[in-house]
Amino acid sequence: MQTTPDGVALLTRAGCHSCTHALDVLSAVCREFDVTVTVVDVDEAAAESPDLRAEYGDRVPVVLLDGIEHSYWEVDVPRLRADLVRAGHPKNV
């Protein structure tokens with residue numbers, strides 16, 4: 001399976017309105033911590049990593065934190081903030 005990026009990643013697919021909303025929410029939270037969000041389209045990634053789409057494709061949007069599933073369908077904002085603090089990311093706000 002493709003190695004997912006360290007940091008915060010959002011697994012998406014084209015045409016997913018929930019994914020667009022999740023990216024907006026996730027980006028706002030990550031800006032507070034000066035963390036970049038990596039967006040991975042599971043359908044595009046399937047050419048090299050079909051396991052990624054098989055594992056997460058029916059649950060997008062999926063938030064990964066350091067390659068580990070953090071939440072899906074919705075961004076768990078309070079938990080993400082707490083986990084970013086715990087991971088040592090300074091809050092800018």
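View 1. Helix 4 is followed by G88, whose phi is positive, near 90°. Helices (H or I, at least four residues) and strands (E, at least two) are DSSP runs numbered from the N terminus. The model is predicted: local features need pLDDT of at least 70 and side-chain atom pairs count only at pLDDT 80 or more, while totals for chains, interfaces and linings use all residues. Residues are numbered from 1 along each chain as its sequence is written, and side-chain values use heavy atoms, with hydrogens and water left out.

View 2. Helix 4 spans residues 77–86, and V77, L80, D83 and L84 in it are buried (under 20% relative accessible area; exposed is over 50%, partly exposed in between; 1.4 Å probe, protein chains only). Seen down the helix axis, these buried residues fall within an arc of 130° (taken from the directions from the axis to the C-beta atoms), so they line one face of helix 4. P78, V85 and R86, on the other side, are exposed.

**View 3. Packing and capping of helix 4.** The buried residues of helix 4 pack against strand 1 (8–12), helix 1 (17–32), strand 3 (62–65) and strand 4 (68–72), with contact meaning heavy atoms within 4.5 Å. At the N-terminal end, D76 caps helix 4 through a side-chain oxygen 3.3 Å from the backbone nitrogen of R79.

**View 4. Surroundings of H70.** H70 lies in strand 4 and counts as buried, at 7% relative accessibility. Its side chain makes a polar contact with the side chain of D83 (2.7 Å). A polar contact is a pair of N or O atoms within 3.5 Å; within protein, one must be able to donate a hydrogen and the other to accept it, and residues adjacent in sequence count only if both atoms are side-chain atoms. Leaving aside neighbours within four places in sequence, H70 is in contact with V63, L64, L65, D76, R79, L80 and D83.
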